[in-house]
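I opened my notebook to look up two things today.

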Amino acid sequence: MKELISIQNELNVPKNQKNNFGNYNYRSCEDILVALKPLLDKHKASILITDEVKEVAGIPYVEATVVFKAGDTEALSVRAQAGINPNQKGMSISQSFGASSSYARKYALAGMFLLDDTKDSDTMDNTKSHEEGVFDL
């Protein structure tokens, strides 16, 4: 467990990717893995990432699982899901599944290694918006 805590404290993955269409910065699954590999080596730890395609109410999704193991400690795991839109414009079916896999893996890794640098509506002062009847969520 001490290895995981150390990696969580040392890992820094800035959002250096830019989505020009949506005008926001993000980090990719690959960005996380590039930053993570040296820390795994340093702390003699490893991860295994697997995907499973599932379905709920006729909607397919990918469930990614990240398993962390270090030394003689028990393995720890985190899961995350991402829906699959097989009819996504401009994507083949394999690209749609791949994008959902990458998204689910990214959020499972973020959960395991406590990657979060965004503000949500609960951390903002929305007093003025609430007074005006407008909510900025």
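**Entry 1: salt bridges**

I searched the whole structure and got four salt bridges. I kept in mind that this is a predicted model.

I started with Arg105. Which residue does Arg105 form a salt bridge with? The partner is Asp51, and the closest N and O atoms are 3.1 Å apart. Next I looked up where the two sit. Arg105 is in helix H3 and Asp51 is in strand E3 (residues 45-56), so this pair ties together parts that are 54 residues apart in sequence.

Arg105 is partly exposed, at a relative accessible area of 24%. Asp51 is also partly exposed, at 32%.

**Entry 2: Glu63 and its partners**

I moved on to Glu63. Glu63 forms a salt bridge with Lys54, with 2.8 Å between the closest N and O atoms. The side chain of Glu63 also meets that of Arg79 in a salt bridge, at 3.6 Å from N to O. I noted that Arg79 lies in strand E5 (residues 76-83) and Glu63 in strand E4 (residues 59-70).

I then checked how open each one is. Glu63 is buried, with a relative accessible area of 10%. The cut-off for buried is under 20%, so Glu63 falls in that class. Lys54 is partly exposed, at 26%. Arg79 is exposed, at 52%. The cut-off for exposed is over 50%, so Arg79 passes it.

**Entry 3: the largest pocket**

I turned to empty space. Rolling a probe the size of a water molecule over the atoms shows where such space is left.

How much space lies in the largest pocket? I got about 420 Å³. I counted 20 residues in its lining. Nearest the centre of this pocket are Tyr26, Arg27, Tyr103, Lys106 and Tyr107.

Which elements give two or more residues to the lining? I listed strand E2 (24-26), helix H2 (29-42) and helix H3 (93-113). H3 gives the most, with six residues.

Last, I sorted the lining by class. Nine residues are nonpolar, five are polar and six are charged.

How values were computed
Residues numbered from 1 in each chain as written. Predicted model: local features only at pLDDT ≥ 70, side-chain atom pairs only at ≥ 80, totals over all residues. Heavy atoms only, no water. 1 Å grid on protein atoms, 1.4 Å probe; cavity = no way out; pocket = protein on both sides within 12 Å on 5 of 7 lines; lining within 4 Å. Points joined across faces, edges and corners; volume = space filled by probe spheres on them. Helix = DSSP H or I, 4+ residues; strand = E, 2+ residues; numbered from the N terminus. Nonpolar A, V, L, I, M, F, W, Y, C, P; charged D, E, K, R; others polar. Buried < 20%, exposed > 50% of the residue type's maximum accessible area, 1.4 Å probe, protein only.
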